[in-house]
Amino acid sequence: MAMSDKLPPTEDERCGTTAGNAAHRRRGERPCEPCRVAKNVRQGDYYQKNRAARLEYASNYADANRDKISEYRRTYHAANRDEVNARNREHRSENRDVVREQERARYAAGGESELERRREYYIANRLVILARNRAWIKSNSDWALAYGRKYRDKNRDVIAERNRNYAAENQESLTESHRNYRAENLGAIGERERERRSRIAEAFAPVAVHSGMPWTAEDDAIVRATYGLSPVIVSAQLRRTPHGIVTHRSELRKLDRNQRRATQ
Ligand SMILES: [Zn+2]
């Protein structure tokens, strides 16, 4: 019965005590103000006196009904996802330090089992977690880029050290995986390489020209000394086209090879 459905209170000599309040209730009435106050005071006393017992009861109940409670939580959370998440977010942002401290304490108290629990959770939900992280990073890409840059600047030495160690410890598998990658992506790599060269060639285009000039002995010496360099760079130095350098390189190589054979 709602409060408003109840009869108005009639006063009697017990009013202002819990007995008066009980009498109102038996008569189907709302309590009068003094009876209401008396009841609240008694309940407050009771509440305070039994605090320890109540806490113990709650903790026993939680222990005995762990599965039921987490099942209930799961159901509730699933049915009220948005609301719960919003409330949690709000609580977190308003109590950031407290929440962090609580998490640290829980983590420390849980120790190995907490670690194990997280590992299991990660393994069971790996794809979902990765997808969620990717989506988050994508929608916060400016922040993520800035964060990554800041992290790398701050930890340059640590990262370099870690990479070195990793490379040293995984030399064989790295070589193997590079080999596989190249084998599987020959077309893409070639395409990328061609693109890179044409971008460089474009950048150097103004200084590299079809000169029509014959190759001098000095030109030849420079070309022979720079086989390891990009033809574009050499072409800029000699003011010739990259294609001209490539062609002349192979001509010189053939010439030198024949010379070596002839003298052997
Ligand atoms: Zn009363």
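## Helix α11 and Ser 198

Ser 198 is found in helix α11, which spans residues 186-204; helices here are DSSP runs (H or I, at least four residues) numbered from the N terminus. Ser 198 is exposed, with 12 other C-beta atoms within 10 Å. The burial classes rest on counts of other C-beta atoms within 10 Å of a residue's own, with C-beta atoms placed from the backbone: buried at 20 or more, exposed at 12 or fewer, and partly exposed in between. Between Ser 198 and Asp 220 there are 22 residues of sequence separation and a C-alpha to C-alpha distance of 24 Å.

## Basis of the model

This is a predicted model, in which local features need pLDDT of at least 70 and side-chain atom pairs count only at pLDDT 80 or more, whereas totals for chains, interfaces and linings use all residues. Residues are numbered from 1 along each chain as its sequence is written.

## Domain arrangement

The protein is divided into domain 1 (3-58) and domain 2 (205-263), with bounds that come from an automatic or database domain assignment. A distance of 104 Å separates the C-alpha centres of domain 1 and domain 2.

## Helix α1

Helix α1 covers residues 18-26, and its buried residues are Gly 20, Asn 21 and His 24. Seen down the axis of α1, these buried residues fall within an arc of 100°, so they line one face of the helix; the arc is that of the directions from the helix axis to the C-beta atoms. An α-helix has 3.6 residues a turn, so residues three or four places apart point the same way.

The cover over the buried residues of α1 includes α2 (33-49). Just after α1, Gly 28 adopts a positive phi of about 75°.

## Packing against helix α14

Two packed helices are described by the angle between their axes and the distance between the axes. Axes are lines fitted to C-alpha atoms, for helices over the stretch in contact, and angles run from 0 to 180 degrees between N-to-C directions. The axes of α12 (residues 217-225) and α14 (residues 242-263) come within 10 Å and cross at roughly 90°. This makes α12 roughly perpendicular to α14, a term that applies to angles of 65 to 115 degrees. Asp 220, Val 223 and Arg 224 of α12 meet Ile 245, His 248, Arg 249 and Leu 252 of α14, where contact requires C-beta atoms, placed from the backbone, to lie within 7 Å. By class, the contact of α12 with α14 holds 3 nonpolar, 1 polar and 3 charged residues. In this scheme Ala, Val, Leu, Ile, Met, Phe, Trp, Tyr, Cys and Pro count as nonpolar, Asp, Glu, Lys and Arg as charged, and the others, Gly among them, as polar.

Helix α13 packs on α14 at an angle of about 105°, with the axes 8 Å apart. That angle makes α13 roughly perpendicular to α14. Pro 231, Val 232, Val 234 and Ser 235 of α13 make the contact with Pro 242, Gly 244, Ile 245 and Val 246 of α14. The residues of the α13 contact with α14 divide into 6 nonpolar, 2 polar and no charged.

Arg 239 is found in the loop between α13 (231-238) and α14. Phi of Arg 239 is near 55°, a positive value in a residue other than glycine. With 13 C-beta neighbours inside 10 Å, Arg 239 counts as partly exposed. Asn 140 occupies the loop between α7 (126-139) and α8 (141-154) and is exposed, with 12 other C-beta atoms within 10 Å. The C-alpha atoms of Asn 140 and Ala 203 are separated by 34 Å, the two residues being 63 residues apart along the chain.

Arg 89 lies in helix α5 (residues 81-94) and is exposed, with 10 other C-beta atoms within 10 Å. Arg 89 and Ala 262 are 173 residues apart in sequence and 81 Å apart in space, C-alpha to C-alpha.

Terms used
Helices (H or I, at least four residues) and strands (E, at least two) are DSSP runs, numbered from the N terminus. Two residues are in contact if their C-beta atoms, placed from the backbone, lie within 7 Å. Angles under 35 degrees count as roughly parallel, over 145 as roughly antiparallel, 65 to 115 as roughly perpendicular and the rest as oblique.
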